[in-house]
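Please keep the structure in view while going through the points.

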Amino acid sequence: MHHGRSPVTAAVATQWDDSAVADLIARKIRAITSVDFSPILDDIGQVGQLDSIKRIQSTKVGPNGDAWAAWSAAYARSGRGRSLMRLSGDLMGDIDYRAIGSDQVELRAENPYAARRQFGFSGTDSRGRKISDPARPYLGLSEDAQRDVGDIVADHIIATFNEAA
């Protein structure tokens, strides 16, 4: 039933110019797709260096978490094998890193026996002795260190995104 009133119809219309938002999004996307990682390469290198040193000092496991092989019985009896790969400390002191370009870090050790420790050696040494030295990988990033690097990269990307005008 209609009580003499006319139905009321209301319409609201608005226009929104989204060009400012579109410009902001475009600037943010450009910032993210052209992130300069060079400022964080030193931080990433330090994570790898410290992780590798910790491996020699205490954990005695490879970057993948596998325990290193123990010294051979003969070497253990010699008394020189106090702690796996810590005879002189030279190997730990030689671990270094360097930035390569603006997006890579090289973790390295240039000690003469670094590769022998990392990859192992089986054969005759320079003195004519037969050697079978298992690999004890120490250079690289453990899962924890990989997460730390991921956090460094994510923080840098977020900061770059937030700084984009």
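1. In the classes used here, Ala, Val, Leu, Ile, Met, Phe, Trp, Tyr, Cys and Pro count as nonpolar, Asp, Glu, Lys and Arg as charged, and the others, Gly among them, as polar. By these classes, the lining of the second largest pocket has two nonpolar, five polar and five charged residues.

2. The model is predicted: local features need pLDDT of at least 70, side-chain atom pairs count only at pLDDT 80 or more, and totals for chains, interfaces and linings use all residues. Residues are numbered from 1 along each chain as its sequence is written, and side-chain values use heavy atoms, with hydrogens and water left out.

3. The second largest pocket has a volume of about 160 Å³. A pocket is an open set of points on a 1 Å grid over the protein atoms alone, where a 1.4 Å probe fits, with protein on both sides within 12 Å along at least five of seven lines; lining residues have an atom within 4 Å of a point. The volume is the space filled by probe spheres set on the points, which are joined across faces, edges and corners.

4. Which element gives the largest share of this lining? It is H2, with four residues; H2 and H6 are the elements that give two or more. The lining residues include Asp51, Lys54, Arg55, Ser142, Glu143 and Asp144. Helices (H or I, at least four residues) and strands (E, at least two) are DSSP runs, numbered from the N terminus.

5. Helix H2 (residues 41-59) and helix H6 (residues 143-163) pack at an angle of about 170 degrees, with axes 10 Å apart. Axes are lines fitted to C-alpha atoms, for helices over the stretch in contact, and angles run from 0 to 180 degrees between N-to-C directions. The two helices are therefore roughly antiparallel, a term for angles over 145 degrees. Their contact (heavy atoms within 4.5 Å) involves Asp43, Ile44, Val47 and Asp51 of H2 and Ala145, Asp148, Val149, Ile152 and Val153 of H6.

6. Strands S1 (residues 95-100) and S2 (residues 104-109) pair in the antiparallel sense over six bridges; pairing requires at least two bridges found by DSSP. Asp96 has Arg108 as its bridge partner. In this hairpin, Gly101 takes a positive phi near 65 degrees.

Key
Parallel < 35°, antiparallel > 145°, perpendicular 65-115°, else oblique.
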